[in-house]
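The tour goes from one selection to the next.

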Amino acid sequence: MSSSDYGLWVYAAHQRKEPKRTEIIYNRWQQDYPEDLENAERLLVWARLTEQLDQQEKTGELYEKALQQFQKNIQRFPEGLMIESNLYWLGKSFDRKNLAEHARQTYQQLHFRYPYRYYGIRARTRLNQDENA
């Protein structure tokens, strides 16, 4: 467990017992682990936690930061090893922000580029779910 993971656990524990203290913990996380603010996957973990704890304002802020970071990653490394996962999680971030058309376009691009790879298949599954909804 990393120090940042421990911070997540403490944040959740305090939210249950002392909701007012979580603001201090949240701010401390941003101060102590600034590299997490450039790690899109870590931002998603925090976003999901704040979503579970019904902190909509923080959740929206974190999904927006993650979305921006995934877009930066894709622009900086359009053919890198992580392009597939960045595209997939960008689509998921669009989903979470209720930007369905952007999500659909991202999943289509991913499936078109990598139809037989793990994230390409997951993207096709997401597209099929949307068509059947």
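Start with arginine 113: at a relative accessible area of 29%, this residue is partly exposed. The classes are buried (under 20% relative accessible area), exposed (over 50%) and partly exposed (in between), with a 1.4 Å probe and protein chains only.

A word on the source: this is a predicted model, where local features need pLDDT of at least 70, side-chain atom pairs count only at pLDDT 80 or more, and totals for chains, interfaces and linings use all residues. Residues are numbered from 1 along each chain as its sequence is written, and side-chain values use heavy atoms, with hydrogens and water left out.

**Stop 1: arginine 113 and glutamate 79.** The term means a side-chain nitrogen of Lys or Arg within 4 Å of a carboxyl oxygen of Asp or Glu. Arginine 113 sits in helix H6 and glutamate 79 in the loop between H4 and H5, so the pair ties together parts 34 residues apart in sequence. Helices here are DSSP runs (H or I, at least four residues), numbered from the N terminus. Glutamate 79 is exposed, at 62%.

**Stop 2: arginine 117 and glutamate 84.** Select both. Their closest N and O atoms are 2.7 Å apart, in a salt bridge. Arginine 117 is in the loop between H6 and helix H7 (118-132), while glutamate 84 is in helix H5; 33 residues separate them. Which of the two is buried, and which partly exposed? Glutamate 84 is buried, at 14% relative accessibility. Arginine 117 is partly exposed, at 44%.

**Stop 3: glutamate 64 and lysine 97.** Here a salt bridge has its closest N and O atoms 3.4 Å apart. Glutamate 64 belongs to helix H4 (residues 56-76) and lysine 97 to the loop between helix H5 (83-96) and helix H6 (100-113), so the pair ties together parts 33 residues apart in sequence. Glutamate 64 is partly exposed at 29%, and lysine 97 is partly exposed at 27%. A search of the whole structure finds eight salt bridges.

**Stop 4: helix H4.** Select the whole helix. Its 21 residues should span 30 Å at 1.5 Å a residue, and the end C-alpha atoms are 30 Å apart, which agrees. The expected span is 1.5 Å times one less than the number of residues. Buried residues of H4 include Leu62, Tyr63, Phe70 and Ile74.

**Stop 5: glutamine 69.** Stay in H4, where glutamine 69 lies. Glutamine 69 is buried, at 7% relative accessibility. Leaving aside residues up to four places away in sequence, glutamine 69 touches Leu37, Glu38, Asn39 and Ala40. Contact means heavy atoms within 4.5 Å.

Key
Helices (H or I, at least four residues) and strands (E, at least two) are DSSP runs, numbered from the N terminus.
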